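Welcome, and thanks for taking a look at this one with us. Please open the sequence and the structure side by side, and we will walk through them together.

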Amino acid sequence: LFLNGLPLGMVWGVIFSFLEGRRFTEVISIGLSISIIAASGILKTIYLEIHELFPGISEFWMPFTIGLLFLPLFCFFVWMLSVIPAPTETDKLLRAERQPMNGQDKKNIIRMYGPGLLCILLIYCLLTTMRDFRDNFSVEIWNEIAAGHWDKTILSQTELISTVIVVICVGSLSIIRSNIRGLWATQGILAIGIGLTGISTFAFSHQWIGPYAWMLLLGTGLFLAYIPIQIAIFERLIGLFKMKANAGFFVYACDATGYLGSVALLLYREFFMKDLRWSRVLMQFSYVLCFACLALLLLSVLFFNKKYGLHKLWQQKEEETIDIPENSLYINKL
C-alpha cells in the first residue's frame, strides 16, 4: 500500500502543479478527472481481455503487465507536460500567482482558514473512502446485485457515462470569472453530487430503480462531489483570498487523509462486518456519507462566506486609507 501510494501521489501532485493558477484550470484539468473516473472501469475491462488472451499470466504479474503496456504513453505525456507554457499575467491576476509554501506559510493558512479547510478535508476523506471501496470491489458488488446478468463491458459503460456528465458540469465552471461566484457554483455541484449518492441508494433499496441505474447514479453523484474538490474548490479559494499557497498542498493533505479512511473502512469491514455483503457495506456507507458530507459542506459554506465578508471589508478599509493625489496619473487613467 505504501509503495503503491508514492507514484499515485506523485502523478496527481506533480501534474496538477503544471495546470493550476490559470483562468481555465478546470477545463485543462478535465484530463485528470477523466483518468480518475473512466480509467477504473476501462482498466478492469482491459485486465479481463488480457487475462483471456494470455491465460498464462498470473494475477500477481497482471499489474506489471498492464503498467508496461501503458509505459510508452506515460513517457510521451510527461514530455508534453514539459512544453506547457507558464501562466500569463491575466491568469495570475484572476487566480493569484502560485508559490511554493514553507512551514510558516502552511501554519498561517491553517490558522486563518483551518475550520473551513478541515470541513473540506473530511468531506474529501469520506468521498475518497467510498470511491476507493466502490472501485476496488466493483466486481464483487456487481456479482451480488446482478449475479449472472452483467458482463465486463458494464464496468466501462457506467464510468464513461458518469465521465461525460461530470466533465460537462465541472468544465463549465471555467466560464465563471468571478471567484466568489465560482466558489458558490462549485459548492452547489458538491451538494448535488452528495445528495445524489444518498437518494440513489434509497431508491435502489426500495427497488424503485435497478442495479445498473443505482451504480450509474451513485458513481455520477460521487464524482460530481469528488472531482470539484480536486480541481476547482481550492483554485477558487486561493484566487478569492489571494492566499500565498498552491492547490497541490491542499490536495496532498486531502489525499493522505482520504486513503487513510479507505484503509480504515477495509479494516472495519474485515473485523466488525464479516457477515455483511460488499453491496450492503456500500449502501450503509452511502447513507453515512450523504448526511455527514452535507452537514460538513454547510459548515464550510458558512465559514468561507463569513471570511469573504471580512476580507471584502478589510479591502475597502485598505482602499480608503490610500491617499491619491487629485491630478495623479491613476485618476486620469480612470
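How many residues does helix 11 have, and how far does helix 11 reach from its first C-alpha to its last?

Helix 11, which covers residues 247-272, has 26 residues and reaches 37 Å between its first and last C-alpha atoms. That is close to the 38 Å expected at 1.5 Å a residue. Keep in mind throughout that this is a predicted model. The buried residues of helix 11 include Ala247, Val251, Cys254, Asp255, Gly258, Ser262, Leu265 and Arg269.

After helix 9 comes glutamine 207, which has a positive phi, near 60°.

## The overall picture

The protein holds 13 helices and zero strands. Of its 334 residues, 44% are buried. Among contacts with a separation of 6 or more, 81% are between residues 24 or more positions apart. The accessible surface comes to about 18,100 Å², and carbon and sulfur atoms account for 70% of this area.

## How confident is the prediction?

The mean pLDDT is 80, with 87% of residues at 70 or more. Confidence is highest in helix 9, at 92, and lowest in helix 13 (residues 329-333), where the mean is 41. Please read residues 322-334 with care: pLDDT stays under 50 there, and the model has five contacts beyond four places in sequence for this stretch.

## The nonpolar core

Which residues have the most contacts inside the largest nonpolar core? They are Ile229, Phe234, Leu237, Met243 and Phe304, in a core of 73 residues. Helix 10 (residues 211-241) supplies the largest share of this core, with 18 residues.

Beyond its neighbours within four places in sequence, phenylalanine 304 contacts Tyr113, Gly116, Leu117, Ile120, Leu183, Leu237 and Phe241.

## Two residues up close

Tyrosine 47 lies in helix 3 (residues 30-53). Leaving out neighbours within four places in sequence, tyrosine 47 is in contact with Glu59, Met62 and Ile66. For methionine 62, which is 15 residues away along the chain, the C-alpha separation from tyrosine 47 is 7.5 Å.

Serine 279 belongs to helix 12 (residues 278-320). Its relative accessibility is 2%, so serine 279 counts as buried. Residues up to four places away in sequence aside, serine 279 touches Ile141, Glu144, Ile145 and Trp214.

Is cysteine 293 buried or exposed? Cysteine 293 has 0% relative accessibility, so it counts as buried. Cysteine 169, by contrast, is partly exposed, with a relative accessible area of 29%.

Definitions and conventions:
Residues are numbered from 1 along each chain as its sequence is written. This is a predicted model: local features need pLDDT of at least 70, side-chain atom pairs count only at pLDDT 80 or more; totals for chains, interfaces and linings use all residues. Side-chain values use heavy atoms; hydrogens and water are left out. A nonpolar core is a set of buried Ala, Val, Leu, Ile, Met, Phe, Trp, Tyr and Cys residues joined through side-chain atoms within 4.5 Å. Buried means under 20% relative accessible area, exposed over 50%, partly exposed in between (1.4 Å probe, protein chains only). Helices (H or I, at least four residues) and strands (E, at least two) are DSSP runs, numbered from the N terminus. Contact means heavy atoms within 4.5 Å. Accessible areas come from the Shrake-Rupley method with a 1.4 Å probe; for residues, only the protein chains shown count as cover. pLDDT is the predictor's confidence in each residue, from 0 to 100. The expected span of a helix is 1.5 Å times one less than its number of residues.
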